[in-house]
Amino acid sequence: MKILIVEDEKRMAQALCKLLQLENYDVDHCDNGIDGLYAIQSGIYDAVVLDVMLPGKNGFDILKEVRKDGIKTPIILLTAKSELDDKVTGLDCGADDYLTKPFMTKELLARIRALLRRNGNTADGTLTFGDITLDKNTATLYCISNGQNVRLSVKEYQILEYLITNGGQILTREQLATKIWGYESDAEYNNVEVYLSFTRKKLSFVGAKTEIKAVRGIGYELRCSNV
């Protein structure tokens with residue numbers, strides 16, 4: 001799972017990044033609103049922890065813009081303000097949850113887990129779409145209708161996880177490349193094609209009716225014919 005922290009307070013940001021990394025999340029950090037907005041708009045994150053008071057653009061304005069763009073990434077708004085009006089404003093702007101500083105780290109982790117479950121993750125560590133189930137603990141793909149299963153490589157698992165959590169949405173090659181290989185990677189787009197091919201073969205191997213479909217000139221989406 002890939003989490004974005006948008007926080008300009010250096011010590012707070014470092015502490016949050018370390019906390020989430022210890023929980024085995026893949027974490028990126030932005031220290032200003034402009035970069036934070038750009039990162040959220042990439043669509044590669046499973047959840048965002050967003051501070052309100054940021055240089056460049058505040059959290060409320062970021063929320064309004066990304067929701068207007070149709071981005072549904074779960075966002076927890078983080079602020080030092082405790083007034084009810086600020087909480088209401090944040091939720092009205094599109095925040096999924098709200099935490100006031102100072103907060104207990106256990107509470108933040110619990111809220112992130114809750115948001116991820118709402119976004120398609122189940123309590124037992126599986127993801128389901130159509131006639132397939134993905135077990136994140138063993139990186140195993142199951143076909144629900146016939147019980148067939150197969151282990152996935154790291155990249156195959158990451159591709160399917162990303163497609164399932166964004167079920168019904170078209171993802172571009174750029175989004176897939178950045179999500180799986182990261183901003184700093186030298187991976188080329190043909191890597192995306194190669195691993196999509198591998199993943200399609202695994203879906204076929206287990207007899208799934210769920211398929212990765214190419215949307216010409218746009219990207220890819222997960223579809224399932226009637227089971």
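Guide: Let's begin with Asn 24, which sits in the loop between helix 1 and strand 2 (26–30); helices (H or I, at least four residues) and strands (E, at least two) are DSSP runs, numbered from the N terminus. This is a predicted model, where local features need pLDDT of at least 70, side-chain atom pairs count only at pLDDT 80 or more, and totals for chains, interfaces and linings use all residues. Residues are numbered from 1 along each chain as its sequence is written, and side-chain values use heavy atoms, leaving out hydrogens and water.

The phi of Asn 24 is positive, near 70°, although the residue is not glycine. Most residues other than glycine have a negative phi, and most peptide bonds are trans. Asn 24 counts as exposed because its relative accessibility is 69% (exposed is over 50% relative accessible area, buried under 20%, partly exposed in between, with a 1.4 Å probe and protein chains only).

Ala 139, in the loop between strand 7 (132–135) and strand 8 (140–143), is another residue other than glycine with a positive phi, near 55°. With a relative accessibility of 16%, Ala 139 therefore counts as buried.

The loop between strand 5 (97–100) and helix 5 (105–118) holds Pro 102. Here the peptide bond running from Lys 101 to Pro 102 is cis, its omega near -10°.

Finally, Gly 182 follows helix 7 and has a positive phi near 90°. Helix 7 (residues 173–181) is itself mostly covered, with 7 of its 9 residues buried, including Leu 176, Ile 180 and Trp 181.
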